[in-house]
Amino acid sequence: MGLFGPTPPPRVTPDEFKNKVISQLYVHGFSQKERDEVEKILRADLFEEKEVDVGIDAHELERTVSWLKANIGHHLLSAEKIDALENVLKSYV
């Protein structure tokens with residue numbers, strides 16, 4: 001429990017995403033176009049209005065990965081790239 005209420009869950013912050021996650025995606029073979037697509041998909045979760053909600057938590061990650069897997073034809077990522085994205089993000093959550 002935090003000083004003023006429950007401790008917020010761990011999150012991938014926008015800075016971590018920009019400085020760490022994007023480079024890890026490059027290592028996993030994501031093209032620039034695929035990395036841009038990931039950033040577009042995750043933008044709403046990364047930059048939420050309330051400061052306490054900024055970033056991607058485990059629940060948001062799970063929801064996004066489920067959507068990506070269920071909608072393969074609606075984005076640029078293959079099933080293998082979705083798994084790689086999930087693993088990279090989980091290492092920071």
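Two helices count as roughly antiparallel when the angle between their N-to-C directions is over 145 degrees. In this predicted model, helix 3 and helix 4 pack at an angle of about 175°. Helix 3 and helix 4 are therefore roughly antiparallel to each other. Helix 2 and helix 3 pack at about 150°, which makes that pair roughly antiparallel as well.

**Confidence**
- The mean pLDDT of the chain is 90.
- A score of at least 70 is reached by 91% of the residues.
- Helix 4 has the highest confidence in the chain, at 97.
- Helix 2 has the lowest, at a mean of 94.
- Where pLDDT is low, predicted coordinates should not be read in detail.

**Helix 3 against helix 4**
- The axes of helix 3 and helix 4 are 10 Å apart.
- Helix 3 brings Leu-61, Val-65, Leu-68 and Lys-69 to this contact.
- Helix 4 meets them with Ile-82, Asp-83, Leu-85, Glu-86, Leu-89 and Lys-90.

**Helix 2 against helix 3**
- The axes of helix 2 and helix 3 lie 11 Å apart.
- Their angle of about 150° is over 145, so the pair counts as roughly antiparallel.
- The crossing of these two helices is right-handed.
- On the helix 2 side, the contact is made by Ile-41, Leu-42 and Asp-45.
- On the helix 3 side, Glu-60, Arg-63, Thr-64 and Leu-68 take part.
- Leu-68 of helix 3 contacts helix 2 and also belongs to the contact with helix 4.

**Helix 4: length and burial**
- Helix 4 covers residues 79-90, which is 12 residues.
- At 1.5 Å a residue, helix 4 should span 16 Å, and its end C-alpha atoms are 16 Å apart, so the two values agree.
- The buried residues of helix 4 are Lys-81, Ile-82, Ala-84, Leu-85, Glu-86, Val-88 and Leu-89.
- Among these buried residues, Ile-82, Leu-85, Glu-86 and Leu-89 also meet helix 3.
- In an α-helix, residues three or four places apart point the same way, because there are 3.6 residues a turn.
- The cover over the buried residues of helix 4 includes helix 1 (14-27), helix 2 (32-46) and helix 3 (58-70).

**Arg-35**
- Arg-35 sits in helix 2.
- Its relative accessibility is 12%, under the 20% cut-off, so Arg-35 counts as buried.
- Leaving out residues up to four places away in sequence, Arg-35 touches Ile-22, Leu-25, Tyr-26 and Phe-30.
- Ile-22 is 13 residues from Arg-35 along the chain, and their C-alpha atoms are separated by 6.8 Å.

Definitions and conventions:
Residues are numbered from 1 along each chain as its sequence is written. This is a predicted model: local features need pLDDT of at least 70, side-chain atom pairs count only at pLDDT 80 or more; totals for chains, interfaces and linings use all residues. Side-chain values use heavy atoms; hydrogens and water are left out. Helices (H or I, at least four residues) and strands (E, at least two) are DSSP runs, numbered from the N terminus. The expected span of a helix is 1.5 Å times one less than its number of residues. Buried means under 20% relative accessible area, exposed over 50%, partly exposed in between (1.4 Å probe, protein chains only). Contact means heavy atoms within 4.5 Å. pLDDT is the predictor's confidence in each residue, from 0 to 100. Axes are lines fitted to C-alpha atoms, for helices over the stretch in contact, and angles run from 0 to 180 degrees between N-to-C directions. Angles under 35 degrees count as roughly parallel, over 145 as roughly antiparallel, 65 to 115 as roughly perpendicular and the rest as oblique. A crossing is left-handed if the near helix is turned anticlockwise from the far one by less than a right angle, and right-handed if clockwise.
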